Amino acid sequence: MAYRNGNYSAFYVSEPFSDNNLEANSTPDFTYYNMLRMWKGEDNNFPFIDSHNKNYNVRDGSDWEKTLKPRLHDRLNNSKNIILFLNSITANSRALREEIDYGINTDELPVIVVYPEYKNKSDIVDVNGDFKVETTGGLD
């Protein structure tokens, strides 16, 4: 049985995946993920356990079915939640779709959604507390 204490960070990275790690590192969501890692490095008591460090890294050019997808599942199986970063460039990618689908429907993980582009609650919900259509991209 997996030890489920990690925080799985999910964010959009454009496809096809690049052999060059610099592409992923320069995306806005990846910088926020790195910020969590930096905070943990500065303060060991910061409540973030990186699920991406629970197994060895793979190259982005690795085979999806044989390597990348099983690695995502393994990391999710060792997680207690998903931290999902969403912003104006988030797209429906194969990896993000797999992370969310597997994490919610198989592992039944709760999802913590982070909207780094929004500063106030009123940026994402109306006066009735309903999500604005611009925020959800029309997905309900």
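**Close-up views of a predicted model**

View 1. D107 is buried, with a relative accessible area of 13%; buried means under 20% relative accessible area, exposed over 50%, and partly exposed in between (1.4 Å probe, protein chains only). This is a predicted model, in which local features need pLDDT of at least 70 and side-chain atom pairs count only at pLDDT 80 or more, while totals for chains, interfaces and linings use all residues. Residues are numbered from 1 along each chain as its sequence is written, and side-chain values use heavy atoms, with hydrogens and water left out. The partner of D107 is R4, and the closest N and O atoms of this salt bridge are 3.9 Å apart. Because R4 sits in the segment before β1 and D107 in the loop between α4 and β3 (111-114), the pair ties together parts that are 103 residues apart in sequence. Helices (H or I, at least four residues) and strands (E, at least two) are DSSP runs, numbered from the N terminus. R4 is partly exposed, at a relative accessible area of 32%.

**View 2. Two further salt bridges can be inspected here.** A salt bridge is a side-chain nitrogen of Lys or Arg within 4 Å of a carboxyl oxygen of Asp or Glu, and by this rule the count comes to three. One of them joins D50 and R37, with the closest N and O atoms 3.9 Å apart. D50 lies in the loop between α2 and α3 and R37 in helix α2, so this pair links parts that are 13 residues apart in sequence. D50 is buried, with a relative accessible area of 8%, whereas R37 is partly exposed at 36%. Another is formed by the side chains of E65 and K69 (3.7 Å, N to O). Both E65 and K69 belong to helix α3, four residues apart, about one turn of the helix.

View 3. Of the 14 residues in the largest one, Y8, A10, L76, I82, L84, L96 and I100 touch the most other members. At least two residues of this core come from each of β1 (6-10), α3 (64-77), β2 (79-85) and α4 (94-106). A second, separate core of eight residues includes F11, F30, L36 and I83. Leaving aside its neighbours within four places in sequence, L84 is in contact (heavy atoms within 4.5 Å) with A10, L96, I100, V111, I112, V113 and V114.

View 4. The buried residues of α4 are A95, L96, E98, E99, I100, Y102 and G103, and they pack against β1, α3 and β2. Just after α4, E108 takes a positive phi of about 55 degrees, although E108 is not a glycine. Most residues other than glycine have a negative phi. E108 is exposed, with a relative accessible area of 67%, and lies in the loop between α4 and β3.

**View 5. A nonpolar surface patch includes M35.** Y32, M35, M38 and W39 make this patch of about 360 Å². M35 has its place in helix α2 (residues 28-42) and is partly exposed, with a relative accessible area of 31%. Patches are made of residues with over 30% relative accessible area and no salt bridge: like charges are joined within 9 Å, nonpolar side chains (Val, Leu, Ile, Met, Phe, Trp, Tyr) within 5 Å. Accessible areas come from the Shrake-Rupley method with a 1.4 Å probe; for residues, only the protein chains shown count as cover.

Key: Core = buried A, V, L, I, M, F, W, Y, C linked by side-chain atoms within 4.5 Å.
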